[in-house]
Structure formats: structure tokens, C-alpha cells
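Subject: Structure handover

Hello,

Here is the structure I said I would pass on. My notes on what was found in it follow below.

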Protein chains: 2
Amino acid sequence: MRHNYIYHGDCADVLKKFPEDHFALAITSPPYANKRGGPKVNTYVDWFQPIAKELYRVLRDDGSFVLNIKECVVKGERHTYVHDLIGMLRGMGWLWVEEYCWHKRNSFPGKWPNRFRDAFERCHHFTKNKHFCMYQDEVRVPIGDWSKSRLKHLSATDRQRDPSKVGSGFGKNVSNWVDRDTVFPTNVLHMATECGNKQHSSAFPLWLPEWFMRLFTKEGDTILDPFLGSGTSAVAAKCLKRKFVGIEVNKQHVETARERIRNDKGRKGAG
Amino acid sequence: MRHNYIYHGDCADVLKKFPEDHFALAITSPPYANKRGGPKVNTYVDWFQPIAKELYRVLRDDGSFVLNIKECVVKGERHTYVHDLIGMLRGMGWLWVEEYCWHKRNSFPGKWPNRFRDAFERCHHFTKNKHFCMYQDEVRVPIGDWSKSRLKHLSATDRQRDPSKVGSGFGKNVSNWVDRDTVFPTNVLHMATECGNKQHSSAFPLWLPEWFMRLFTKEGDTILDPFLGSGTSAVAAKCLKRKFVGIEVNKQHVETARERIRNDKGRKGAG
DNA sequence: GTTCCGCATGAATCGATAG
DNA sequence: ACTATCGATTCATGCGGAA
């Protein structure tokens with residue numbers, strides 16, 4: 001298996017040749033059911049099952065699998081194929097650790113008589129074990145404005161309590177407050193808070209895989225996207241100095257993705 | 001059955017005495033599994049089943065049922081009891097029309113090694129039929145500054161698709177004015193855009209049931225909350241000139257709710 | 001009257017400890 | 001091995017009182 005390479009083929013086949021216990025993160029946005037030539041809802045789980053099996057095999061025991069997916073509407077109802085999918089994965093041994101909510105603030109315009117525009121998707125976080133790699137400090141966000149007044153007051157209190165330590169520069173209290181420039185995010189992701197990047201127009205925006213890659217991997221780790229599409233995950237991994245392996249069945253997409261990787265300078269061409 | 005009244009008792013029993021095909025909306029936030037003395041996750045669906053049966057019976061054929069609920073964590077994993085609940089309801093004949101995402105800006109603080117703070121809940125929208133009452137114009141929101149710039153970038157086809165059916169009966173000028181300054185919301189609810197009400201510190205904030213009541217009922221309709229709690233739904237219904245019927249098993253809560261209804265002048269005492 | 005500041009407090013979850 | 005309880009962690013907001 002080659003690193004920093006995009007394989008052309010069906011991931012159900014290609015994955016079989018990959019070594020086990022290898023990837024720190026598998027992150028993907030598979031074809032949704034009934035969309036863009038994706039599987040039909042009633043066959044979706046069966047279609048995904050062998051792929052999930054291989055993903056489980058190739059993922060490191062302390063690794064994570066992030067699955068971006070969304071229910072579709074069938075006959076006026078949200079379909080439950082995502083619930084069924086989660087059930088299948090849990091039956092296979094995956095732990096459904098968390099469901100992140102990706103709030104799409106620029107959702108597609110439209111109007112229907114029985115629903116509003118759909119402005120969120122899920123990013124399901126699965127692992128093989130209760131303990132796994134998670135680098136929470138890597139995704140801290142700037143603290144809100146509300147804290148400025150409070151921070152002012154707290155530093156004053158700190159000074160009153162122990163003036164001598166402030167001057168020394170190494171007081172425990174002081175170092176605690178310095179850390180308060182940033183806080184941990186929540187499980188609701190929206191570009192405004194999670195990233196300073198202006199790039200946010202595509203179906204799978206660059207900042208989204210970047211966020212999960214920073215959260216679940218470190219530099220030098222290897223990341224897999226079995227449905228690479230136009231290569232967003234690969235670009236994100238390259239930006240973050242992670243190794244990537246992508247698989248894509250559509251030859252046109254493979255070439256687009258390879259081109260993006262070749263041309264990418266920092267963030268250029270992303271989206 | 002009395003209108004604008006709060007019944008004390010177990011809703012599974014109380015509902016049996018209510019007439020069928022009566023309520024325009026049932027909206028509730030039942031006790032979550034493993035929380036606040038609520039049922040355990042493994043008994044939750046069986047516990048809810050007979051209640052759901054009665055709700056189906058008493059709801060009008062063109063009515064809606066809005067269920068606010070959230071998964072809890074069990075042994076490091078999100079539990080799937082909400083999925084099972086949706087499956088049970090669908091098996092009973094309910095249509096799972098939509099899942100609204102309530103983005104909670106004041107989520108509970110905390111830090112854990114495997115997850116971040118939970119900042120969203122779901123509001124599941126069920127109906128008995130594909131066609132149901134939905135008054136979308138009642139929840140239009142003022143257009144935000146962000147969208148003004150975005151409007152510039154809308155394609156010609158997007159603009160042409162505008163239905164411009166709003167304000168029939170009024171002059172065309174009115175309809176244009178409405179179209180330009182307000183917009184339909186998405187299925188992601190957050191107090192900032194959906195409501196100007198400052199009251200939103202409680203577990204089930206007033207603006208949330210208000211929003212669904214405006215969306216799914218009109219003045220004079222009758223609304224049911226089988227788990228009324230401290231009476232937020234009843235206050236909301238009263239504010240909006242809808243009739244309400246509440247059921248609450250905890251005598252203390254019943255008295256709190258009755259007191260709130262008596263004292264309520266507009267929005268006072270909500271929360 | 002406005003603005004500012006202190007404070008309480010939420011549908012939480014984990015890991016350790018105790019029975 | 002399994003359940004029950006407890007301490008520690010943590011931040012956005014409204015409210016009330018003060019400047």
C-alpha cells in the first residue's frame with residue numbers, strides 16, 4: 001500500500017489489500033442513499049457492511065472512524081437508513097461514541113410545503129475501543145467576548161490575593177488565566193467558530209475534515225478516506241502534514257483529486 | 001375534558017378519557033432516559049408505547065406531534081433508544097416527517113476525555129398523514145445581514161424559483177416587502193434567529209414550544225402537552241391565544257404550572 | 001437611564017470508590 | 001462483575017445590583 005496516494009477502484013475491493021491496524025483515522029462522506037448515484041435506501045446497509053468490516057480491520061485499535069451522512073426524505077418522511085446503519089456498525093463491534101452536528105449555515109435554498117431547508121448533517125464518531133486518541137487541545141477555539149470583562153476582574157482578584165507571584169511570572173494562578181484565551185468547542189460544528197478559513201462553499205468543506213484530523217490524529221499519522229470524491233480529505237491531510245490514502249471509484253474524480261494534490265500550495269484550490 | 005386546564009396524573013391513564021381526533025398539536029419534552037428519574041434506557045420504548053398510542057388517537061388527522069428528546073451516554077457510547085423509539089412510533093403508523101435540530105447555546109459545562117459538551121437536542125416532528133397543517137409564514141424571520149451579501153450571489157435560477165405566493169389578499173407591494181425582509185427559517189433552531197424573546201435559560205425554553213405552536217397551529221386551536229412539567233407549553237399556548245391541555249404526574253409541578261398560568265401576563269414568569 | 005460587573009446555574013459525563 | 005454514589009470538570013447566559 002502506498003502513502004499519499006489515491007487508489008482508483010471500489011473501496012470494498014481495494015481495502016482488502018491494505019494492512020490491518022494501520023490507520024489513525026478513517027474519515028469519509030460516502031454517497032448518501034438515493035443521491036448522486038448512491039445506493040438505494042433499502043440496500044444501503046447491506047452495501048456498506050463489507051466496507052465497514054474492512055475499515056474495522058485496517059483501523060488502529062486507538063483510531064477513529066468519522067462518518068458524515070444525512071437522512072434523506074422518502075415519501076414525505078425522513079428515512080431511517082442511518083439508524084439502521086448505526087445499528088449494523090454497532091453489531092460489528094464499533095462503538096458509536098458521539099454524533100457531531102454540522103450546522104450548515106449556507107444550506108441550499110428551496111421551499112417545500114411540509115419542511116424547511118435542511119441545515120445540518122451528522123458526523124458520527126465510531127471507535128473500536130472506549131479509549132482512543134483524542135487531542136482536544138488542538139481544536140480549542142478563541143474564548144467569547146463575554147469573558148473579557150470577566151477576565152479583567154479575575155486578574156485583579158488574582159493580584160489582590162497574591163501580588164508577589166504576578167511579578168515572578170510563574171504563578172500557578174496566572175498560568176491558568178493565560179490559558180483562558182481559548183476554550184473547548186462543543187459537538188456542534190459551524191465554520192465561524194471552528195476555523196478562520198474563509199473556504200466554506202463546497203459539499204464537504206475543507207475545514208470539516210481538517211477539524212476531525214486535528215482532533216483525532218497527530219502529524220505523521222496516516223488517514224484514510226475510502227470515498228475520496230474530489231479529494232478534499234487528501235488536501236486537508238496534506239495541509240496538516242498527515243499521510244493520506246484515498247480510494248475513489250470514479251476515474252474522473254481520481255484525476256481531479258490527484259490534480260488538486262499536485263497543485264495544492266497550502267490552502268489553494270481547496271473546497 | 002376541560003380546556004385550559006392542567007390534569008394531575010399519569011398521562012398513560014389520563015389520555016384515555018380524552019376524545020379522539022381532537023388536538024391540533026401534541027408537543028412535549030418527556031423525561032429523558034436515565035435522567036431526572038426518567039425510565040431506564042432498556043425500558044424506555046415499552047414505557048412510551050401505550051402513551052404514543054393514545055397520542056395518536058387524540059391527535060387530529062391533520063395535526064402534528066413534536067417530541068423533544070436527546071440521546072444519553074451509556075458506557076462511553078451514545079445510546080440508541082431514540083432510534084428505537086422512532087422505529088416504534090413508525091410501526092404504530094406515525095410518519096417521521098422531520099428532525100429539527102435545537103442548537104443549545106447554553107449547554108452544560110464539562111470536560112471529558114472522549115467527547116465535548118453536548119450542545120444540541122432533537123425535536124422530532126411526527127404526523128398521522130402526509131398532508132398536515134403547517135403555517136410556514138408564521139415563523140418567518142428577519143433577514144440577517146449575512147444573507148444580504150449572500151443574496152447578491154444567488155443565481156438567476158434560484159431567484160426565479162421564488163414562489164412569491166406570500167401575502168395573497170394584500171397588494172403585490174406588501175408581498176414583495178415581506179419577501180425581501182423576511183425569510184423562512186431552516187430546520188436548525190437557535191434562539192438568536194427564531195425569536196426575539198430574551199427568556200431562554202430554562203431546560204425547555206418558552207420560545208421553543210412557541211415556535212412550533214405558531215408553525216403547526218392557529219389561534220383557537222387546542223394543544224396538548226402530556227408531560228407538562230412546570231408548564232412552559234401551557235404558558236406558550238396562552239400567550240399565543242391557543243387552548244391548552246396539560247398533564248403532569250408530579251403534584252408539585254402541577255401546582256407550579258397552575259401558578260404560572262394564573263400569574264402570566266404576557267411573558268412574565270416563564271422559564 | 002445606561003452600562004458594567006458579580007453570580008448562580010443548567011436534561012452532563014467520567015473515573016474512582018464503595019457496597 | 002455489577003450497580004450506586006460522589007467529586008471534578010467547565011462556560012454562556014440572564015438577572016440583579018451598583019456605578
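I start with a helix in chain B. The buried residues of H9(B) pack against strand E2 (23-28), H8, strand E11 (222-225), strand E12 (243-248) and helix H10 (251-263) of chain B. Here contact means heavy atoms within 4.5 Å, and buried means under 20% relative accessible area, with exposed over 50% and partly exposed in between (1.4 Å probe, protein chains only). Helices (H or I, at least four residues) and strands (E, at least two) are DSSP runs, numbered from the N terminus.

Some conventions before going on. This is a predicted model, in which local features need pLDDT of at least 70, side-chain atom pairs count only at pLDDT 80 or more, and totals for chains, interfaces and linings use all residues. Residues are numbered from 1 along each chain as its sequence is written, chains are lettered from A and ligands numbered from 1 in the order in which they are written, and side-chain values use heavy atoms, with hydrogens and water left out.

Back to the helix. H9 of chain B covers residues 232-239, and six of its eight residues are buried, so the rest of the structure largely encloses it. The buried ones are Thr232(B), Ser233(B), Ala234(B), Val235(B), Ala236(B) and Ala237(B). After H9(B) comes Lys241(B), which has a positive phi, near 60 degrees.

Next, the sheets. Chain B has an open sheet of eight strands with mixed pairing, in the order E1-E12-E11-E2-E3-E7-E6-E10. Its edge strands are E1 (5-8) and E10 (188-189) of chain B, each of which pairs on one side only. Two strands pair if DSSP finds at least two bridges between them. Within chain B, strand E3 (residues 59-69) and E7(B) are antiparallel and pair over six bridges; Leu67(B) has His124(B) as its bridge partner in E7(B). In chain A, strand E2 (residues 23-28) and E3(A) run parallel and are joined by five bridges, and the bridge partner of Leu25(A) in E3(A) is Ser64(A). Strand E3 (residues 59-69) of chain A is mostly covered, with nine of its eleven residues buried.

How do the two chains meet? In all, 51 residues of chain B are in contact with 49 residues of chain A. The two chains bury about 4300 Å² between them, 58% of it on carbon and sulfur atoms. Buried area is the accessible area (1.4 Å probe) that two parts lose on being put together, summed over both. In chain B, the residues that lose the most area to chain A are Glu77(B), Trp96(B) and Phe116(B), together 18% of what that side buries.

Between chain B and chain A there are 24 residue pairs in polar contact (both at pLDDT 80 or more). A polar contact is a pair of N or O atoms within 3.5 Å; within protein, one must be able to donate a hydrogen and the other to accept it, and residues adjacent in sequence count only if both atoms are side-chain atoms. E6(B) gives the most to the side of chain B that touches chain A, with eight residues.

Finally, the salt bridges. A salt bridge is a side-chain nitrogen of Lys or Arg within 4 Å of a carboxyl oxygen of Asp or Glu. The structure holds 32 of them over all chains, and the count between chain B and chain A is eight. One joins Glu98(A) to Arg78(B) (2.5 Å, N to O). Another joins Glu99(A) to Arg122(B) (2.6 Å, N to O); this pair crosses between chains, from strand E6 (residues 95-103) of chain A to strand E7 of chain B. Both Glu99(A) and Arg122(B) are buried.

Glu99(B) also forms a salt bridge with Arg122(A), with the closest N and O atoms 2.6 Å apart. Glu99(B) lies in strand E6 of chain B and Arg122(A) in strand E7 of chain A, so this pair joins two chains. Glu99(B) is buried, with a relative accessible area of 3%, and Arg122(A) is buried, with a relative accessible area of 3%. Salt bridges that share partners join Glu71(A), Glu99(A), Arg122(A), Glu71(B), Glu99(B) and Arg122(B) into one network.

Regards
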